[in-house]
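Work through the exercises below with the sequence and the model at hand. Each task is followed by its solution.

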Amino acid sequence: MESSLIEPTGPALFGLHGQVALVTGAGGGLGQAIARVFAGQGADLVLSDRAGSELEALAAQCREWGVRARTVFADLSDARDAASLGLRALEAFGRIDTLVCNAGIQGPAGPLLDVGRVDWDRVFQVNLASVNALCASLVPGMASRRSACVILMSSIAAVRGNRAIGLYGLTKAALSQMARNLAVEWGPRGVRTNAIAPGLIRTPLAQALLDDEDFMSRRLAMTPLRRVGEPHEVAGMAAMLASPAGGFINGQTLVVDGGTLVSDGG
């Protein structure tokens with residue numbers, strides 16, 4: 001069967017011109033990088049995070065690069081806010097072509113079986129339930145255009161055991177499974193769903209680890225590239241998935257970790 005899709009070449013293969021993307025957690029290190037890379041590739045943006053002047057400043061910066069950008073504030077730890085975010089985001093430009101579910105929290109550090117119910121519920125609400133609510137409100141409409149993209153932010157904590165942040169790892173593993181499930185359910189209607197699993201990336205969230213010399217010595221010894229990742233390297237993966245270049249990638253968890261996951265630690 002011949003493809004009805006245009007085969008772009010050159011910059012168009014990785015371009016996002018004509019797209020509207022919603023990025024959650026846009027005020028954080030990865031979120032800001034994703035917003036800037038998407039804007040640089042021509043996407044109009046709906047940026048969401050909790051209230052803050054930094055988000056408005058980011059939107060203004062994106063507009064200086066010639067794209068449209070709006071902000072929608074939401075606290076995803078509040079189920080009602082999470083449930084309404086999709087509809088409020090649609091009010092900005094009337095549609096969403098790419099959904100980047102980047103918002104997340106680490107939650108408590110320590111043994112998994114010591115986690116209390118309040119922390120358990122909060123981490124699962126922000127990292128998983130809010131994503132499900134957002135997808136439920138937006139994906140059916142995205143499918144009506146027969147070409148759309150959902151990107152879920154997982155982690156290498158989803159694919160390895162962890163003594164310190166087991167609860168976080170559980171939610172990230174669930175996101176990788178959600179990507180597979182949505183890929184099967186909505187792929188026939190043109191919606192691609194993938195997850196990105198970053199390793200240690202230079203963001204404010206990771207600052208305590210970056211400042212820990214013993215931890216960094218061990219981590220870099222386990223990472224063949226012998227460095228931490230930069231936010232734009234994760235953002236670039238997200239942009240590729242949203243672009244025509246990623247058009248046949250569906251249901252995958254793509255690891256961006258400098259080789260940490262495959263290393264023998266030598």
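This is a predicted model: local features need pLDDT of at least 70, side-chain atom pairs count only at pLDDT 80 or more; totals for chains, interfaces and linings use all residues.

Residues are numbered from 1 along each chain as its sequence is written, and side-chain values use heavy atoms, without hydrogens and water.

**Exercise 1.** Compare the radius of gyration of the chain with that of a compact globule.

Solution. Take the radius over C-alpha atoms, and the globule rule as 2.2 Å times the number of residues to the power 0.38. For 266 residues the rule gives a value near 18 Å; the chain has 18 Å, so the two agree. The C-alpha atoms fill a box of roughly 50 × 40 × 40 Å along the principal axes.

**Exercise 2.** Describe the salt bridge between R117 and D121.

Solution. Apply the criterion: a side-chain nitrogen of Lys or Arg within 4 Å of a carboxyl oxygen of Asp or Glu. The N to O distance for R117 and D121 is 2.9 Å.

**Exercise 3.** Which parts of the chain does the pair R202 and E230 tie together?

Solution. The side chains of R202 and E230 meet in a salt bridge at 3.0 Å, N to O. R202 lies in the loop between β6 (191-198; strands are DSSP runs of E, at least two residues) and α6 (207-210). E230 lies in the loop between α7 (213-222) and α8 (231-242), so the joined parts are 28 residues apart in sequence.

Terms used:
Helices (H or I, at least four residues) and strands (E, at least two) are DSSP runs, numbered from the N terminus.
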